[in-house]
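Please open the model in your viewer, with the sequence panel beside it, and follow the stops below in order. Each stop says what to select and then what is found there.

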Amino acid sequence: EETLSNGGHVWLSEVGFFFMICILFLFHFCSPAFLLQQVVKLFFGCVAAVACGMLYAVYLSTYHERKFWFSTKQELEREITFQEGSGLYYYYYKHMLTAPSFKRGLYELTLDNKTISGQTVNIVQLLFLYPELATSFIYRITSSHDFIEPIYFYVGTVFGLQAVCVTALFVCSWVMSGTWVAGILAVSWYVINRTDTTKVDHAVPLRDNWALPYFSCQVAALTGFLSNISSATEMFCYLTMSATSVSFLLVWEHSHYVLFIQALCLFFLDSFDLVPSRKVADIHKVYLSSLFLAYLLQFQNPVLLSSPLLSILIGSVTVFLLQQNMKKGPLVARVLKLSLHLHLSLDTSVPFLNLIECFSPNYCSLFFYFSDFVTNFLLCQESFQTPKQDLFLRLTQASVLPFYFLVLTVCLLSTLQTIHRRLSGQTMKLDLKLEDGRIGEHPEVIYHVFHTLLFGGLALMKYLWTPYVCMFTAFGVCSPDLWMTVFKWLKLKSIHPVVLSLILSTAVPTIIGFSLWREYCPRVLAELSELQDFYDSDMVELISWIRSQAPASAVFAGSPLLLGAVKLVSGSAMTSLPLYSDINLLKRAEDTYQVYGMKSAEEIYKILTSQKTNYVIIEEAICNELRINKGCRIKDLLDVANGHVVYDRGVMYSFSKYGRFCQEIKLNYSPYKNYFTRVFWNRSYHVYKVNSVISFQY
């Protein structure tokens, strides 16, 4: 069985990679008459898009099996592989399957008092559990339990969505460039840079792994909607955009912020009349209807009402109504429109913009710009920190970054030329031809220029930005319009620029494709053939003790990420959740993290008992964390928030009359042993029972 698994998957992946390269050659070397047949071109493009998605899903499944030995593990060991607290989501999927009925399970989740100690919450609204609800419902009604285990159905669904994500990137690049070779190149770059484009291979249930495929489809539909297409295709794009926008808002707590950035891109297009007002109005209808439906389906979630996306939509509607009465010249009207739009739509989003300002490393220092724990903790998350140099090094080695800057520079300069023409009163050409050399007059191109600039410039999570770097770069190098724009600027006369543009749009991606195949195909196949072994023995020991020794009604305190795994395997209540979008939960997490601060035993005891804690788990990795960037260690953030930091000649010291709790409690002397009793320990974890009766020992 192992031989068949190894050989079969590697063979399939190798054939798939070779299939992609063969498609590239067939397209370039077929007869011109064949290439002009649009129906045949569309058919093969669709086949290539679907094939790329399916092969990527097989690749993810194979790599996941090799990394975790998933099929040979016991159920407990499989669940532990869900890292970064993501196992918490899988717990509710299991809950829905074990409930007497789907309706009963949903009711229990909407009035959940077994997750957060001392609180009854709507866990569906809090954790955006619609993926688990939908997956468990499908698993139930299809009787899938007869032929597939629940965990494989769940993981397979996520991998299937990643196939949809890849297909959407393929289609988006294809629509913009006019050739599906760009789609193949975009997918190749996406797979090669997998460590920077997705986290699905080690934290499967994360919300962004469910949400980003919907966002990719939404962007692809928006790209088609902005293009010059037929009315029937436009309606299809509109409906797709509507469905995916609602789905995106339902499955991820940060989705409305992402759509706000997207709305900003469209705001710039609308401000300079770079896209028909009718299309902008239709897109705004999609946003408003999606927000309204998401608000209802999310049990009237107040977060959506305070969303900056809603603010900018209100501003857009106001501007649209006011500009109907503008009787100014073209330049004055656009300046007034721009300033009015900025004031009305952004002034209502001041709190969000202040946070965005702090997310940007150019404006906000990550070293204690604020004194409170929650703000510094959020700023220290990987998603909001300055990208490390190794990211740009990997993108450069894969040849993405150099071509990205080339494509971005050409498109941006051409877009600025288009804006200048619009401010001068010139109208945009609707029937652009290749020989015009005006790639910056295509609305879909202008949108993606602003899209990639905003997502990159605001230092948002790389898993949003990097996939679209791959897509945008692939579109550029395969687009004859881009090369023609360059030649128009250079005023090339020695050879016909149209012919040279067609040659380069064919030759450059072919050369890139061959170089990627020679360099990275062996690495990809080596990843699939290499058997890894992920086994955290200390975690298994901890979980086994909890399941066998701790009461079912026990409440555990610890780091939110660890508590996600504890909840998954034991079902015990917790003091906090691995969720960063709820200020109350963040405050509870701060209280729990005080075990790593310099607090007295009595203070920690009062904090834990106020949260009805029975057991507290202390992690050696946090207590004795060693990191060059010391400012973002949990204990450093606590010392700053607690006022235990002293600066002496530019050097930071932590000082308090109490020692660090997580270290002092291990010495087992009074007063620590009066309040806490150690019941379990190994190299990585120490579990202490919070004494219900204090025994004073000296």
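Begin with the whole chain in a cartoon view, where this predicted model shows 34 helices and 7 strands. If you then colour the chain by accessibility, 56% of its 698 residues count as buried. Among the contacts in the chain with a separation of 6 or more, 73% are accounted for by residues 24 or more positions apart.

Select residues 87-98, which make up helix 5, together with residues 130-141, which make up helix 8. The two helices pack at an angle of about 35 degrees, and their axes are 9 Å apart. Their crossing is right-handed. To see what makes the contact, show the side chains of Y89, Y93, M96, L97 and T98 on helix 5, and those of E132, L133, T135, S136, Y139 and R140 on helix 8.

**Second stop: helices 12 and 24**

Next, select residues 207-226 for helix 12 and residues 462-478 for helix 24, whose axes lie 12 Å apart at an angle of about 40 degrees. Helix 12 passes helix 24 in a right-handed crossing. On the side of helix 12, look for L212, F215, S216 and V219, which meet Y463, L464 and Y468 of helix 24.

In what order do the strands of the open sheet lie? Its 5 strands have the order 2-1-3-7-6, and the pairing is mixed. Strand 2, at residues 573-574, and strand 6, at residues 676-681, are the edge strands, each of them pairing on one side only. Strands of a sheet pair through backbone hydrogen bonds, either parallel or antiparallel.

Select strand 1, residues 555-557, which runs parallel to strand 3 and is joined to it by 2 bridges; here F556 stands opposite Y615 of strand 3. Moving along the order, strand 3 pairs with strand 7 in the antiparallel sense over 5 bridges, and V616 stands opposite Y688 in strand 7. Strand 7, residues 685-690, in turn pairs with strand 6 in the antiparallel sense, over 5 bridges. In that pairing, R678 stands opposite Y688.

Stay with strand 3 and select residues 615-619: is this strand mostly covered or uncovered? Strand 3 is mostly covered, with 5 of its 5 residues buried. In a regular strand the side chains alternate between the two faces of the sheet. In strand 3 both faces are covered, for Y615, I617 and E619 are buried on one side and V616 and I618 on the other.

Select the cysteines and show their side chains; the structure holds 2 disulfides. With the bonded cysteines counted along the chain, they follow the pattern 1-3, 2-4.

Go to C380 and C632, which are joined by a disulfide with an S to S distance of 2.1 Å. C380 lies in the loop between helix 20 (373-379) and helix 21 (389-397), and C632 lies in the loop between helix 31 (620-623) and helix 32 (634-641), so this pair ties together parts that are 252 residues apart in sequence. The torsion about their S-S bond is about -75 degrees, so this disulfide is left-handed. Both C380 and C632 are buried.

The other disulfide is formed by C623 and C662, whose sulfur atoms are 2.1 Å apart. This pair links distant parts of the chain, since C623 is in helix 31 and C662 in helix 33 (residues 661-664), 39 residues apart. Why is the disulfide of C623 and C662 described as right-handed? The torsion about its S-S bond is about 85 degrees, so the disulfide is right-handed. Both C623 and C662 are buried.

Finally, select C172, which has a relative accessibility of 1% and so counts as buried. C237 is buried as well, with a relative accessible area of 8%. Both values fall under the 20% cut-off that buried residues meet.

Definitions and conventions: Residues are numbered from 1 along each chain as its sequence is written. This is a predicted model: local features need pLDDT of at least 70, side-chain atom pairs count only at pLDDT 80 or more; totals for chains, interfaces and linings use all residues. Side-chain values use heavy atoms; hydrogens and water are left out. Two strands pair if DSSP finds at least two bridges between them. Helices (H or I, at least four residues) and strands (E, at least two) are DSSP runs, numbered from the N terminus. A disulfide is a pair of cysteine sulfur atoms within 2.5 Å. Buried means under 20% relative accessible area, exposed over 50%, partly exposed in between (1.4 Å probe, protein chains only). Axes are lines fitted to C-alpha atoms, for helices over the stretch in contact, and angles run from 0 to 180 degrees between N-to-C directions. A crossing is left-handed if the near helix is turned anticlockwise from the far one by less than a right angle, and right-handed if clockwise. Contact means heavy atoms within 4.5 Å.
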